[in-house]
Amino acid sequence: MSMPAGWTLHTDGAVITRGRHPGWTADPSTLAADISGGLASTFLDVRAVDAGPAGAGAVRTLHVGTDRRGQGVAVESLLRPDGDGSEVACWLSPVGSYAADRALARRLLVGRPPLRRTNVSEASQGMRARLDVEVGPHTGSGLITRDGDTTWADLPGIGEPLWLPTSTLPAWLLAATGLGPRPHSPDDRVFVTTTEALDRLWTGKPTTPAETRLALAAEDLSDETCAELAAVAGGCVARWSLEWATTAWAGQLTVVDAGENGVWQVSSGVPEDLAAELGGNAVALRRTSSAELFHTLARLVAR
């Protein structure tokens with residue numbers, strides 16, 4: 001992998017650099033745009049994945065790009081206010097190593113002792129996956145087959161199927177779904193309902209609490225929760241799912257990208273007693289982040 005000038009190899013194997021960012025703004029989107037511009041001088045196809053608060057006034061950004069050998073790279077940056085500017089610590093990782101090294105590198109960025117590298121061996125060299133984009137910039141279905149370091153991809157929005165370096169697959173998936181930085185929220189509430197009720201919410205796009213309660217068949221929802229769910233349905237810019245299987249690992253992501261109202265994940269992980277009470281296909285709707293979704297995508301191409 002090509003390494004930009006000025007980057008240093010940490011003794012624990014993580015590529016880390018530290019520097020200064022002139023001026024300071026707490027706006028994550030502005031910082032993400034600034035870093036995108038800087039990375040574009042070294043990498044191709046730079047794309048901002050996520051940007052959000054990282055505690056104590058810091059902002060964390062995540063970008064993905066392609067190096068000069070055609071391999072996917074991820075760059076995670078931590079910016080902390082310091083006087084009239086900010087301290088910037090950046091971590092460069094091959095996309096195939098990102099999931100395994102994230103915990104270690106994040107500790108190094110803040111000067112904490114490193115942890116052991118995470119094991120992500122369940123993402124084996126062989127993989128088949130299906131992408132379904134119901135709502136988004138490129139609607140349709142696609143198939144993916146991984147064969148070691150190369151992957152055959154037939155994705156919505158790319159025209160003819162193509163072979164691509166496996167490490168670049170997450171970036172292609174981000175482009176196909178339109179996923180990028182979204183507002184973060186400290187609220188980690190989970191809303192439990194059924195797939196049928198969510199379908200009514202997405203198609204009906206209610207505008208009043210009464211309409212939201214009717215769509216979800218939930219008379220006891222507070223006005224606040226109704227307003228939040230109505231905003232998610234009304235602000236939806238993409239709705240997609242990715243299902244995969246390897247020799248050792250199978251899984252699924254179902255995502256609702258509500259733009260300025262955040263990104264959400266639909267999962268079937270509902271306690272049995274609650275699922276029995278609801279009847280039907282119980283699911284949980286919870287906030288997530290573009291960075292966490294990228295982490296899962298990176299596990300699919302782990303080396």
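**Exercise 1. What is the order of the strands in the open sheet of nine strands, and which strands stand at the edges?**

Step 1. Read the order: β10-β9-β8-β7-β12-β13-β14-β15-β11, with antiparallel pairing. Strands here are DSSP runs of E, at least two residues, and helices are runs of H or I, at least four residues, numbered from the N terminus. Two strands pair if DSSP finds at least two bridges between them.

Step 2. Find the edges. They are β10 (162-165) and β11 (190-194). Each has a single partner strand, so one side of each lacks a neighbour in the sheet.

Step 3. Neighbouring strands are turned by 25° against each other on average, direction ignored. Axes are lines fitted to C-alpha atoms, for helices over the stretch in contact; angles run from 0 to 180 degrees between N-to-C directions.

The model is predicted: local features need pLDDT of at least 70, side-chain atom pairs count only at pLDDT 80 or more, and totals for chains, interfaces and linings use all residues. Residues are numbered from 1 along each chain as its sequence is written, and side-chain values use heavy atoms, without hydrogens and water.

**Exercise 2. Over how many bridges do β12 and β13 pair?**

Step 1. Locate β12 at residues 238-246 and β13 at residues 250-257.

Step 2. Count the bridges: eight, in the antiparallel sense.
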